[in-house]
Amino acid sequence: MQSQIFGGKMSNHCWVFVKKEKRSTCCLTQDISQPWKDRYSVGGRGASSEMTQKSHRKGLHAIAAFEALKGIVVLVIGLELLVFIHGDFQALGEKFLWHFGMNPHSQYPHAVLLFLSGVRDRQVVQGVSLVLAYSLFRFIEAFGLWKERKWAKWLVIISSGLFLPLEFYKMFTHFTWFKLLITIANILVLLYIAYLQLEDKRSRSSVKN
């Protein structure tokens, strides 16, 4: 027996069909006006965002370890310089040159020895103080990056902007492959931190909108 539909209306995506024989309700649990990927990709976006955050966290931890390593190396150099206080720098310089097969009486090594002869304990202390301050700065930077602090990212950007021109100058005047690798590593760190800052800015602007 055919049933006739007298009327129908939609309320909150529910169609109510009134028939002669009985009343039936069919409720739609999804908004059919939404695109398919908007309805079903919410979980995917959340998982992707979480994976991206974990990846960025690992990247920041790797950079923090790199900065801490630089701080440790500089700290060791500073502590080694303390040994030379009250020492004969010119004699130490001659031993160093002879050890590497260089003649201390040739033009450039002799100029280095003349410079070392004028070094005083006060200058050594000043140099050690600068080295220790630089090492402390790297440790603070590494701690902030490990904790994912925003100020630490800005420290990396500012310090890289200050030190990279000096690194370029040293690399082009006295080129070594080690200097090249360190410079490339510092450039990659700067670009990655700048990328994270831009991503953070975009995410904040999208939340506001």
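1. The structure holds 1 cavity of 30 Å³ or more. A cavity is a set of points on a 1 Å grid over the protein atoms alone, where a 1.4 Å probe fits but cannot get out. The volume is the space filled by probe spheres set on the points, which are joined across faces, edges and corners. For the largest cavity that comes to about 70 Å³.

2. This is a predicted model, in which local features need pLDDT of at least 70, side-chain atom pairs count only at pLDDT 80 or more, and totals for chains, interfaces and linings use all residues. Residues are numbered from 1 along each chain as its sequence is written, and side-chain values use heavy atoms, with hydrogens and water left out.

3. Which residues line the largest cavity? They are E67, K70, R138, E141, V156, S159, S160, F163, L164, E167, N186 and V189. Lining residues have an atom within 4 Å of a point. α6 (150–173) gives the most, with 6 residues. Helices are DSSP runs (H or I, at least four residues), numbered from the N terminus.

4. By class, that cavity lining has 4 nonpolar, 3 polar and 5 charged residues. Nonpolar covers Ala, Val, Leu, Ile, Met, Phe, Trp, Tyr, Cys and Pro; charged covers Asp, Glu, Lys and Arg; the others, Gly among them, count as polar.

5. The largest pocket holds about 570 Å³ of space. A pocket is an open set of points with protein on both sides within 12 Å along at least five of seven lines. Its lining has 17 residues, and K70, Y134, E167, K170 and I182 lie nearest the centre. α2 supplies the largest share, 6 residues. By class, this lining has 10 nonpolar, 2 polar and 5 charged residues.

6. The second largest pocket has about 430 Å³ of space. It is lined by 12 residues, with T52, Q53, H56, E199 and D200 closest to its centre. α2 and α7 are the elements that give two or more residues to this lining. Its classes are 2 nonpolar, 5 polar and 5 charged.

7. Now look at α5 (121–146). This helix has 26 residues and reaches 37 Å from its first C-alpha to its last, close to the expected 38 Å. The expected span is 1.5 Å times one less than the number of residues. Buried residues (under 20% relative accessible area, 1.4 Å probe, protein chains only) in α5 include V124, V128, R138 and E141. Just after α5, E148 takes a positive phi of about 60 degrees.

Note on methods. Buried means under 20% relative accessible area, exposed over 50%, partly exposed in between (1.4 Å probe, protein chains only).
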